[in-house]
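These are my notebook entries on one protein chain. I set down what I looked up, entry by entry.

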Amino acid sequence: MTEFYEKLNALCIEILSKSPEGKIKIAICGACGSGKSTLGGKIRKKGFGNFKPYQIAVIDDNVMSLNLFIARPKLKSPPPANN
């Protein structure tokens, strides 16, 4: 797996060097149960290469997960009222 992260790191650095915004988006595709969410979760929690966890956002099942240095309260929405 280390070789994968090394190649991903090198590719991201190369792409960022050509990106005017200084941001990139990476999509992971594969069959159900192939480990896409697991990989995204590990990358978001641990980072990889030159990229720290707080620099990475992961969108999985239309929910964005962002790891920040700042401690923030978790906000819970009340369930919708049944009328």
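**Entry 1: elements and confidence**

I began with the secondary structure and found two helices and two strands in the protein chain. Read from the N terminus on, the elements run α-α-β-β. I note at once that the model is predicted, and I therefore looked up the confidence before anything else, since pLDDT is the predictor's confidence in each residue, from 0 to 100. The protein chain averages a pLDDT of 80, and 77% of the residues score at least 70. Confidence is highest in α1, at a mean of 90, and lowest in β2, at 69.

**Entry 2: burial**

I then asked what share of the residues counts as buried. Of the 83 residues of the protein chain, the share is 17%.

**Entry 3: the largest pocket**

I looked up the largest pocket and recorded about 860 Å³ of space in it. The lining consists of 27 residues, and those closest to the centre of the pocket are Lys 25, Ile 26, Ile 56, Ala 57 and Val 58. Which elements give two or more residues to this lining? I found α1 (2–17), α2 (36–46), β1 (57–60) and β2 (63–66). The element that gives the most is α2, with five residues. I also sorted the lining by residue class: 18 residues are nonpolar, four are polar and five are charged.

**Entry 4: a residue of α2**

I looked up Ser 37, which lies in helix α2. Is Ser 37 buried, partly exposed or exposed? Its relative accessible area is 44%, so Ser 37 is partly exposed. I also looked up its distance from Ile 59, which is 22 residues away along the chain. The C-alpha atoms of Ser 37 and Ile 59 are separated by 9.3 Å.

**Entry 5: salt bridges**

A search of the whole structure gave me two salt bridges. One of them joins Glu 3 and Lys 7, with the closest N and O atoms 3.1 Å apart. How far apart are Glu 3 and Lys 7 in helix α1? They are four residues apart, which means that about one helical turn separates them. I checked the accessibility of both partners. Glu 3 counts as exposed because its relative accessibility is 52%, and exposed means over 50%. Lys 7 is exposed too, with a relative accessible area of 55%.

I found another salt bridge between Glu 14 and Lys 18, where the closest N and O atoms are 3.6 Å apart. Glu 14 has 43% relative accessibility and so counts as partly exposed. Lys 18, at 63%, counts as exposed.

**Entry 6: aromatic pairs**

My last search was for aromatic rings. A pair of aromatic rings is described by the distance of the centres and the angle of the planes. I found two aromatic pairs in the structure. Phe 4 and Tyr 5 form an edge-to-face pair, 5.4 Å centre to centre, with 65° between the planes. Phe 4 counts as partly exposed, because its relative accessibility is 36%.

Phe 48 and Phe 51 form a tilted pair, 5.2 Å centre to centre, with 40° between the planes. Are Phe 48 and Phe 51 buried or exposed? I recorded both Phe 48 and Phe 51 as buried.

How values were computed: Residues numbered from 1 in each chain as written. Predicted model: local features only at pLDDT ≥ 70, side-chain atom pairs only at ≥ 80, totals over all residues. Heavy atoms only, no water. 1 Å grid on protein atoms, 1.4 Å probe; cavity = no way out; pocket = protein on both sides within 12 Å on 5 of 7 lines; lining within 4 Å. Points joined across faces, edges and corners; volume = space filled by probe spheres on them. Nonpolar A, V, L, I, M, F, W, Y, C, P; charged D, E, K, R; others polar. Phe/Tyr/Trp six-rings, centres within 6.5 Å; stacked < 30°, edge-to-face > 60°. Buried < 20%, exposed > 50% of the residue type's maximum accessible area, 1.4 Å probe, protein only. Salt bridge = Lys/Arg side-chain N within 4 Å of Asp/Glu carboxyl O.
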